[in-house]
Amino acid sequence: MSTLRIGCFLAAIGIAAAGGGALVQSAPAIAAKLQNPLESDEHAPPAGAKLYARECASCHGVNREGRRNAPSLNRPAVQAAAPGTLFWVLRNGSLHRGMPSFAHLPEAQRWQIVTYLRGR
Amino acid sequence: MTTARLKYLLAAAAALVLQPLCWAGEGPFFITYTHQMEEPGNLEFAFKTVMGKPDGGNRFFGTVAEFEYGVTGWWTSELYLDGQATRREGALFTGYRWENRFRLLSHEHWINPVLYLEFENINGADKSLLEIVNHDGQEALGSPNAEARFEKKREMEAKLILGSYVKGWTIAENFIAEKNVRHAPFEFGYAVGVSRPLAMAARPDRCNFCAENVQVGVELYGGLGTHEQFGVGGTSHYIAPTVAWTLASGTTLRISPGFGTTGTSAGYLLRFGVSYEAAQFGRAARNLFRGGRP
């Protein structure tokens, strides 16, 4: 099978799997139960801000305002999302709609980003 | 070259120069692939060199220039340009490879499969040693460039990449099958790697010398014969500790000494590399092409 055909085949699976709705709302309910171990760590928000600038700002904007297809992370649904839900989003991404998975970052760094996202 | 093509090439080059470099903090492996894909729209460019000296042969430097682009979140495409320099024999361009990686599952699991498909058009003098298959060994590395360059190698290669992240550790296994498009049997090989960063949490400040920026690991790779003669008899195998250090600017430096573990393997290989990543390169190139700002 040619690369192109495999690409089209995978794209078809992708479209079928992507579904609709905001990403934070598509996280399974059980994800929300996970507690953030760095919730009250004083270094977590500045470390998370550094990681955000490095990993996320190119798509979501320097001030989390959103750009093109990457939504604003200041919008109420994201601000109200449980830490565990945001952690689930970072682990899995939304590969068929342009949000990469950040599972390669150690868990501690993902929690630092979550702490930063929820601080305002 | 038509004006339109030239314009497109210039736009792409300008986009590359004008785009801010971002964090190329990929793992420390040279040979083993993990299931980490390039971020959609980002372009990573890297140079990787391997230095070695086969028994009775001349010291060589095999280098690849690598351009890795995130087409989508689940599809990464990569172009390699290969060259080598051998002492007393000169330097030459040895060919190109084009690979595509497709992530097969949309969510993160314990084990994450990725399908890798590559076409390579290289000659027999290629010494980049990006994978070891079949009975590849130091004998082939010792054959003179003047002869080896005339051997054409048009090959298709497939890999099944399995990757896992467990408590800060990255574990990856690659199974390789390669076939010359015209003749020769299917050739097999493998690569496995384990790595982890020196610190799990990030420091709040921008830093060069911090443990979170350093990743250490070890790779094992080698040949597994052909479908007619499958097994490890007479094949090459290497064990290679590896270190990657990402600077605050985002540039990653890697180094890995490799040690041959069988008589067929080259005794010692030293690999080093540098990589940079341009964020949202695709968008910048498109905008520039349409006459906007990068």
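A hairpin joins S3(B) to S4(B) through two residues. Helices (H or I, at least four residues) and strands (E, at least two) are DSSP runs, numbered from the N terminus. This is a predicted model, with local features needing pLDDT of at least 70 and side-chain atom pairs counting only at pLDDT 80 or more, while totals for chains, interfaces and linings use all residues. Residues are numbered from 1 along each chain as its sequence is written, chains are lettered from A and ligands numbered from 1 in the order in which they are written, and side-chain values use heavy atoms, with hydrogens and water left out.

S3(B) covers residues 60–72 and S4(B) covers residues 75–86, and the pair runs antiparallel over 12 bridges; two strands count as paired if DSSP finds at least two bridges between them. Across this pairing, Tyr69(B) sits opposite Ser77(B) in S4(B). S3(B) also pairs with S2(B) (residues 43–52), again antiparallel, through 10 bridges. Here Ala46(B) faces Glu66(B) in S3(B).

Further along chain B comes S8(B), residues 169–180. Its partner S7(B), residues 152–166, is antiparallel to S8(B) and held to it by 12 bridges, with Glu155(B) opposite Asn180(B). S7(B) and S8(B) make a hairpin with two residues between them, and Lys167(B) in the turn takes a positive phi of about 50°. S9(B), residues 187–197, also pairs with S8(B) in the antiparallel sense, this time with nine bridges; Glu173(B) stands opposite Val192(B) there. The S8(B)–S9(B) hairpin has six residues between its strands, and Ala184(B) in the turn has a positive phi of about 70°.

In a regular strand the side chains alternate between the two faces of the sheet. For S8(B), the covered face holds Thr170(B), Ala172(B), Asn174(B), Ile176(B), Glu178(B) and Asn180(B), whereas Trp169(B), Ile171(B), Glu173(B), Phe175(B), Ala177(B) and Lys179(B) make up the uncovered one.

One of the residues on that covered face, Glu178(B), touches Glu120(B), which lies in S6(B), residues 112–123. Glu120(B) counts as buried because its relative accessibility is 1% (buried means under 20% relative accessible area, exposed over 50%, partly exposed in between, with a 1.4 Å probe and protein chains only). Leaving aside residues up to four places away in sequence, Glu120(B) also touches Tyr96(B), Arg97(B), Glu131(B), Lys153(B), Arg154(B), Glu155(B) and Glu157(B); contact means heavy atoms within 4.5 Å.

As for chain B overall, the tally is four helices and 13 strands. Of its 294 residues, 53% are buried. Among contacts with a separation of 6 or more, 61% come from residues 24 or more positions apart. The accessible surface is about 13,200 Å², 64% of it from carbon and sulfur atoms (Shrake-Rupley method, 1.4 Å probe).

Over in chain A, the axes of H3(A) (residues 44–55) and H7(A) (residues 107–118) come within 7 Å and cross at roughly 100°. Axes are lines fitted to C-alpha atoms, for helices over the stretch in contact, with angles from 0 to 180 degrees between N-to-C directions. The two helices are therefore roughly perpendicular to each other (65 to 115 degrees; under 35 is roughly parallel, over 145 roughly antiparallel, the rest oblique). The H3(A) side of the contact includes Leu51(A) and Tyr52(A), and the H7(A) side includes Ile113(A) and Tyr116(A).
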